[in-house]
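Reader: I have a structure open and a few things to ask about it. Can we go through them in turn?
Author: Go ahead.
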Amino acid sequence: MDEFDKKRLPIGIESFEEIRTDEYYYVDKTAFIRDLLRRRGKVNLFTRPRRFGKTLNMDMLKSFFQIGGDRALFDGLDIAGETGLCERYMGKFPVISVSLKGVNGLDYDMARALMCLTVGREAMKFYGLLDSDRLTDDDKKVYRQLINVDSTGQGVYDMSDATLMGSLNTLSALLEKHYGSKAVILIDEYDVPLAKANEQGYYDRMIVLIRNMFEQALKTNSSLQFAVLTGCLRVSKESIFTGLNNMKVFSVTDEDCGAYFGFTDAEVREMLAYYDLSDKYETIRDWYDGYRFGDVDVYCPWDVIYYVDKLQAQRTLQPQNYWANTSSNEVLKRLLENASSETRDEIERLIAGESVWKQVSEELTYKELYDSTENVWSVLFATGYLTQQGEPDGKLRRLVIPNREIHDIFMTQIRDWMQEKAREDRERLRAFCEAFRDADGEKVQRIFGEYLHETVSIRDTAVRKELKENFYHGFLLGLLRFKEDWKVLSNRESGQGYADIVIEIYAEKTGIVIEVKYAENGDLDAGCREAMEQIGRKDYADRLGLGGMSRVIKCGIACHVKNCKVVFEKN
């Protein structure tokens, strides 16, 4: 197949209809509809990390169930083979579909206004209700309260508290009257407003709003056929779902529907073969696989799609951390900030490729996420930073970092946290930097050793040597950039290769070139010799001479776990 005949990948597209009508590449997840209908409760909650296809699956459900939907969208897909099921359910229901992803106000009033906007826009899609001969004038008056149309016919989307809290219940009742069929309610990212409210300090007010909306929509709603919700966490202790005895939860630990959020290995292999990228399989598996949902191993679909798309333009492109740019890493920061010596040891084991056993709670409140370290472990598991390996032992689960991408996030966050901790003692950090200028190996070694012993180390196990060197290199680089009047460069071309760190102090016409090595076997002396030999062999210092530096200092640093050795040579 010619490359111009291949389907485009749906980067950032969460509309099922758009993917199907514009002929984007689609990984067929329509069997999810079949399994949902076979196993569903009245209210169904799917908890998965960000970027695992929740929104696209919800839009697929809308396209399947909604009255007046395009049946051709499902031609050739798995669900089309379920003839009886399609006849019974496809296009049979009015569907209310809202995403609460955008309800993230800086204060309660803004968040409430965004909630009115979200619900009002969904209600506006059924503007034809105003012409319905099945609705009374009172019904239409109630509907107008949801959309609040101004004199130009535009929706104002401003509701009283009572109207907003009852809005989904009201809209489903009006739709049942008009269509003669109960409504399907889809609520995507239901917990985003709670997460944002917790961050901004209006959590209690938002809980009251969400609880009342959900109670009326999902508990006391005689016009509800069934509902599907998605989110990252199951938030039940705040009584959001009080009395919903008919709710069924499909979490990352449940075996039901495990393969429908994320890509399976077979799906990834098929995609790579389609784009003539089968040779990239091992790399993609190493970086983006490793999550376990129920009894199924899956890849992060966002990463796979994004990287495969990039590879078509630049086949030699190395894999990158795409997931971190779409999600906050606050939970990792909290774990590090409050880490005891035991927790630091556990973090070190994880980044070394080992596992930790933890009791995971899947029913936390956002208010108590950071009340204890044990809660933070549960959040790391729920949000995809850690995944389950093997079978649980009672309430304990064996947790691991799933892949290279998440490992990279851990390493970056640990390094940044270590640098922040070091900056708290400005006098010590200033002395550390000036010891490089003075070529004082004893002082540099002593202070750098203190930093390493006070923070998290990189152990001698699964992490490759170059990753360890990159970690110590990055940590050192951040410390040296404390000196704002120094020009501190990293991995810049110099002589016949790339020096790890180059410093130019123009005021003193002093240049420093630094090479960092990880002493794999603990031989720090050998590591320093290797570093200094590399500086000389590749003429790293030449660049400093050309830059007009009259004094050039060469520095070799060897690290091993929490130990280091530093040597200097100056002209």
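Reader: Which residues does Ala422 touch, not counting residues up to four places away in sequence?
Author: Ala422 touches Leu429, Tyr451 and Leu479 on that count. Keep in mind that this is a predicted model.

Reader: Where is Ala422 found?
Author: In helix α17, which covers residues 404-423.

Reader: Is Ala422 buried or exposed?
Author: Buried, because its relative accessibility is 2% and the cut-off for buried is under 20%.

Reader: How far apart are Ala422 and Thr365 in space?
Author: The C-alpha to C-alpha distance is 33 Å, for a separation of 57 residues in sequence.

Reader: Switching to voids. How many cavities of 30 Å³ or more does a search of the whole structure find?
Author: The search gives 2.

Reader: What lines the largest cavity?
Author: Its lining consists of Pro49, Val252, Tyr291, Arg292, Phe293, Phe381, Gly384, Leu386 and Thr387. By class that is 6 nonpolar, 2 polar and 1 charged residues.

Reader: Which strand gives the most to that lining?
Author: Strand β6, residues 291-293, with 3 residues.

Reader: And what lines the second largest cavity?
Author: Val98, Leu100, Met115, Val119, Leu168, Ile187, Met213 and Phe214. By class the lining has 8 nonpolar residues, with no polar and no charged ones.

Reader: What is Thr387 in contact with, leaving aside neighbours within four places in sequence?
Author: Its contacts are Gly290, Tyr291, Arg292, Phe381, Arg398, Leu399, Val400 and Pro402. With Arg292 there is also a polar pair: a polar atom of the Thr387 side chain lies 2.9 Å from the backbone nitrogen of Arg292.

Reader: What sheet does β9 belong to, and in what order do the strands come?
Author: It is an open sheet of 3 strands in the order β8-β10-β9, with antiparallel pairing. The edge strands are β8 (356-359) and β9, each of which pairs on one side only.

Reader: How many bridges join β8 to β10?
Author: There are 4, and the two strands run antiparallel; β10 covers residues 396-400. One of the bridge pairs is Gln359 with Leu396 in β10.

Reader: What about β1, enclosed or exposed?
Author: Strand β1, residues 43-47, is largely enclosed by the rest of the structure, because 5 of its 5 residues are buried.

Reader: Which residues of β1 point one way and which the other?
Author: Val43, Leu45 and Thr47 point one way, while Asn44 and Phe46 point the other way, and all are buried. In a regular strand, side chains alternate between the two faces of the sheet.

Reader: How many bridges join β1 to β4?
Author: 5 bridges, with β1 and β4 (residues 224-231) running parallel. Strand β5, residues 247-250, also pairs with β1 in the parallel sense, over 4 bridges.

Reader: What stands opposite Asn44 in β4?
Author: Val228. In β5, the bridge partner of Asn44 is Lys248.

Reader: Last topic, backbone angles. What is the phi of Ala439?
Author: Near 55°, which is a positive value in a residue other than glycine. Most residues other than glycine have a negative phi.

Reader: Where does Ala439 lie?
Author: In the loop between α18 (426-437) and α19 (441-454). Ala439 is buried, with a relative accessible area of 16%.

Reader: And what about the phi of Val561?
Author: Val561 also has a positive phi, near 55°. Val561 lies in the loop between β16 (551-560) and β17 (563-570).

Reader: Why does Val561 count as partly exposed?
Author: Because its relative accessible area is 21%, and partly exposed begins where buried, under 20%, ends.

Note on methods:
Residues are numbered from 1 along each chain as its sequence is written. This is a predicted model: local features need pLDDT of at least 70, side-chain atom pairs count only at pLDDT 80 or more; totals for chains, interfaces and linings use all residues. Side-chain values use heavy atoms; hydrogens and water are left out. A polar contact is a pair of N or O atoms within 3.5 Å; within protein, one must be able to donate a hydrogen and the other to accept it, and residues adjacent in sequence count only if both atoms are side-chain atoms. Contact means heavy atoms within 4.5 Å. On a 1 Å grid over the protein atoms alone, a cavity is a set of points where a 1.4 Å probe fits but cannot get out, and a pocket is an open set with protein on both sides within 12 Å along at least five of seven lines; lining residues have an atom within 4 Å of a point. Grid points are joined across faces, edges and corners, and a volume is the space filled by probe spheres set on the points. Ala, Val, Leu, Ile, Met, Phe, Trp, Tyr, Cys and Pro count as nonpolar, Asp, Glu, Lys and Arg as charged, and the others, Gly among them, as polar. Two strands pair if DSSP finds at least two bridges between them. Buried means under 20% relative accessible area, exposed over 50%, partly exposed in between (1.4 Å probe, protein chains only).
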